[in-house]
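Dear colleague,

I am passing this structure on to you, and I would be grateful if you could look through it before reading my notes. What I found follows below it.

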Amino acid sequence: MAFRTAAVRLAARTTPRAPLLPAISKRFASAAATQTQSHIPTQTKDQIKRDAGLPNPDPAADSASVALVGEHAPYMVATYSRPPPVFVKGEGSYLWDIENRKYLDFTAGIAVNSLGHCDPEFSKLIAQQAKTLVHASNLYYNPWTGALSKLLVEKTLASGAMHDASAVFICNSGSEANEAGIKFARKVGKVLDPSGNKTEIVSFRNAFHGRTMGSLSATPNPKYQAPFAPMVPGFRVGEYNNIEAINELVTERTCGVMVEPIQGEGGVQVASEEFLVALGKRCREVGAVLHYDEIQCGLGRTGKLWAHADLPVEAHPDILTTAKALGNGFPIGATIVNAKVAEKIKIGDHGTTFGGNPLACRLAHYIVGRLAEKELQEGVVAKGEVFKKGFEALRSKYPELISEVRGKGLILGLQLTRDPTEIVKAARERGLLVITAGTNTLRFVPSLLVTEGEIEQGLEILDRAIEATVGV
Ligand SMILES: Cc1ncc(COP(=O)(O)O)c(C=O)c1O
């Protein structure tokens, strides 16, 4: 309990309402108390000298953070390699760790917290709805699953994207939204060709569609697939942006084609308009459904409600999946379909226990309303330009390191000529969180409400981080 008091006191310095910490053992309590009292852990002289020059040096070996992780990590299946800071609080574009270090967050929980951390209205709605109704199951109607579905369709139609959006299946995550998309495509294939020959799903190299077996089968990355092989049968892989290969790839056997208009995990690679138009055309020719995965690039991130909004109608999808920003951190996903798909899905074909619960849907209803605002979207475009200008300046300064600037709005990538791990660490230790993608790409997916001042501050930190690692 001694630590709990100390940590709460620490957090209270930056917030009027202290975050609650889980119960912590005596071992952690004493490490934390030592840390908070002396602030001088047992470091080497070199370490102390280095740390003195850094605003946020990664927590030392005998810090409260390392003690807490040491206590908890053995109980967590080791699916992620995480840096040492332990985050306890977020507000807007900032995160604070357990040792009260403040970080400018250009990751937004991997393109999730588009309204920033703990948007006040969002937090208020969580509390309100939590006191009203959290879950009653999909066996019954509630006011919010339908309201969210209606709003998603209306805002999609009004945005100029997916002109024939008509109905929505709501679930809990991106993978699950894609899983529904895959099943819906298979069902359409079965209805169009009852012989069972129309079952192939096409996806593209460097795509990321999720970790469940169906979405993983459409994610042709050996690192993710190999340990879990064999994959679901019937998946084919094509080359992103290769128009010539489309006719051979998408055939009468194809029931669905999955594609990210901007590949996020794949390194912020943008699909060309010609490629998506050709893909759409070929899908209509062979009776395959076109499925856009906008889980990372959608919901305002490109400065339009959907990343494909500027494409001509022939490139519009039959299935559109979303998640991430849809809940601003609260788990939710959605599969939006047109009538050609919806009419082939029958009662009992698909389902979910938690998906569409009134709490998640009420929050997403508020979030979609905010993310569809024209002013917010115009802001995204303007802020994207500030980033790009800064990136070009960095590219001129470090031509050997930065080979390309990619992306749109606030989904941006800096292609580096070497492994960015050291830069990510150096940025973190200077108070900036960034993530990687693809092969040696630095990825920037901040809150869509990030300010120009914060962007400039972040770019300055990035510059210092690169400077510190040149030659590493
Ligand atoms: C484009 C895309 N699709 C699907 C997913 C999977 O979403 P989730 O992690 O919510 O299952 C992700 C996650 O990064 C994604 O970026």
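The crossing of helices α7 and α14 is left-handed, where left-handed means that the near helix is turned anticlockwise from the far one by less than a right angle, and right-handed that it is turned clockwise. Please keep in mind that this is a predicted model, in which local features need pLDDT of at least 70 and side-chain atom pairs count only at pLDDT 80 or more, while totals for chains, interfaces and linings use all residues. Residues are numbered from 1 along each chain as its sequence is written.

To stay with that pair, α7 covers residues 143-159 and α14 residues 358-371, and their axes come within 8 Å and cross at roughly 25 degrees. Helices here are DSSP runs of H or I with at least four residues, strands are runs of E with at least two, and both are numbered from the N terminus. The axes are lines fitted to C-alpha atoms, for helices over the stretch in contact, and the angles run from 0 to 180 degrees between N-to-C directions. The two helices are therefore roughly parallel to each other (angles under 35 degrees count as roughly parallel, over 145 as roughly antiparallel, 65 to 115 as roughly perpendicular and the rest as oblique). Among the residues that meet are Trp-144, Leu-148 and Lys-155 in α7 and Cys-361, His-365 and Val-368 in α14, a contact being two C-beta atoms, placed from the backbone, that lie within 7 Å. By class, this contact has 9 nonpolar, 3 polar and 2 charged residues, with Ala, Val, Leu, Ile, Met, Phe, Trp, Tyr, Cys and Pro counted as nonpolar, Asp, Glu, Lys and Arg as charged, and the others, Gly among them, as polar.

The crossing of α15 and α17 is right-handed, and the residues of their contact divide into 7 nonpolar, 1 polar and 3 charged. The contact between α16 and α17 includes Ile-423 and Ala-426 of α16 and Leu-462 and Ala-465 of α17.

Around the ligand there are 15 residues, of which the closest are Ser-173, Gly-174, Ser-175, Ile-295 and Gln-296; a residue is near a molecule if its C-beta atom, placed from the backbone, lies within 6 Å of it. Helix α8 (residues 174-192) gives the largest share of this shell, 3 residues, and the shell divides into 4 nonpolar, 8 polar and 3 charged residues.

Two backbone details deserve a look. Most residues other than glycine have a negative phi, and most peptide bonds are trans. Cys-118, however, has a positive phi of about 50 degrees although it is not a glycine, and the peptide bond from Ala-229 to Pro-230 is cis, with omega near 5 degrees. Cys-118 is in the loop between α5 (108-111) and α6 (120-130), while Pro-230 is in the loop between α10 (222-225) and β6 (235-238).

As for confidence, the chain averages a pLDDT of 92, and 90% of the residues score at least 70, pLDDT being the predictor's confidence in each residue, from 0 to 100. Over residues 1-20, though, the pLDDT is below 50, and it stays under 50 over residues 31-41.

With best wishes
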